[in-house]
Amino acid sequence: MACLGLYCGKTLLFKNGSTEIYGECGVCPRGQRTNAQKYCQPCTETPELYDWLYLGFMAMLPLVLHWFFIEWYSGKKSSSALFQHITALFECSMAAIITLLVSDPVGVLYIRSCRVLMLSDWYTMLYNPSPDYITTVHCTHEAVYPLYTIVFIYYAFCLVLMMLLRPLLVKKIACGLGKSDRFKSIYAALYFFPILTVLQAVGGGLLYYAFPYIILVLSLVTLAVYMSASEIENCCDLLVRKKRLIVLFSHWLLHAYGIISISRVDKLEQDLPLLALVPTPALFYLFTAKFTEPSRILSEGANGH
């Protein structure tokens, strides 16, 4: 009987030398996906650079949100912000390491995966066949193993580590904040982790193909907003505070990350010069900020120019 459905396959039941016995057409076990002949094959490939960049993007999301809400609720004069930033980095780093260690193969810092071939690989539940238009053959499985589920495991470890470490740290060092403000960054995480989980569950495939452009657009917008809110109009304004330089270099790293993700560095000698574009948005802003100063525009309008 022919195996219908894009993601249905026959699982190997018994093998003795050259003799192989396969089961009926159905769902492939975890860690396997169908090949062109409709047989379930184990995922034995190494993730491509783009796959690692995608996982890095999904790993950065909770870290960036942690840092944002820590900065938002700590206040300008709070000395606890730096320690909370370091703790958040430690939490996410440890969560990433533990996630890799518990993934197949267990105990090592690398993973085996199946190659992503098309967008539908992320949404196999939409391709369950109905041969007689009555009975549905359920062939839903992780065709992009483990790129889909490993993100959920990482978020779970991030949440557990945050609940174990952050409340103790905040209680000890956040003396400059009121009791009601100390734990607001933690409360915020309890909101954004479910949102990130739903985002991965519903839009994981779309994010896989769109994340380089998301990084570039958001990093450009947030850099422009930050420089505008901080009233940075020239290079001297950047050097006034170390924090401004840290924010600038952080955005440059995000620019480079997005450029590398888009180019995939298929041809190293052609793609590396693109990294020279990283400082361009900041330099463009500094050179043009004086022409868009609101007070200057209003004064010229009042003078009739």
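I take helices (H or I, at least four residues) and strands (E, at least two) as DSSP runs, numbered from the N terminus. This is a predicted model, where local features need pLDDT of at least 70 and side-chain atom pairs count only at pLDDT 80 or more, while totals for chains, interfaces and linings use all residues. Residues are numbered from 1 along each chain as its sequence is written, and side-chain values use heavy atoms, with hydrogens and water left out.

**Entry: Leu-126**

I looked for Leu-126 and found it in the loop between helix H2 (80–102) and helix H3 (149–173). For burial I call under 20% relative accessible area buried, over 50% exposed and in between partly exposed (1.4 Å probe, protein chains only). Leu-126 has 63% relative accessibility, so I put it down as exposed. Leu-126 also belongs to a nonpolar surface patch, whose other members include Leu-6, Met-118 and Tyr-209. Together the patch residues have about 850 Å² of accessible area.

My patch rule: residues with over 30% relative accessible area and no salt bridge, like charges joined within 9 Å and nonpolar side chains (Val, Leu, Ile, Met, Phe, Trp, Tyr) within 5 Å. A salt bridge here is a side-chain nitrogen of Lys or Arg within 4 Å of a carboxyl oxygen of Asp or Glu. Areas come from the Shrake-Rupley method with a 1.4 Å probe; for residues, only the protein chains shown count as cover.

**Entry: disulfides**

I searched the whole structure for disulfides (cysteine sulfur atoms within 2.5 Å) and got three.

Cys-8 pairs with Cys-139, S to S 1.8 Å. The torsion about their S-S bond is about 100°, so I note this one as right-handed. Cys-8 sits in the segment before strand E1 (9–16) and Cys-139 in the loop between H2 and H3, so the bond ties together parts 131 residues apart in sequence. Cys-8 is buried at 0% relative accessible area, and Cys-139 is buried at 1%.

Cys-28 pairs with Cys-40, S to S 2.0 Å. Their torsion is about -85°, so this disulfide is left-handed.

Cys-43 and Cys-114 make another, with sulfur atoms 1.6 Å apart. I read -75° about that S-S bond, a left-handed link. Cys-43 is in the loop between E4 and helix H1 (49–74) and Cys-114 in the loop between H2 and H3, so parts 71 residues apart in sequence are tied together.

I then checked Cys-92, which is in no disulfide; its nearest cysteine sulfur, from Cys-158, is 4.2 Å away. Cys-92 is buried, at 5% relative accessible area.
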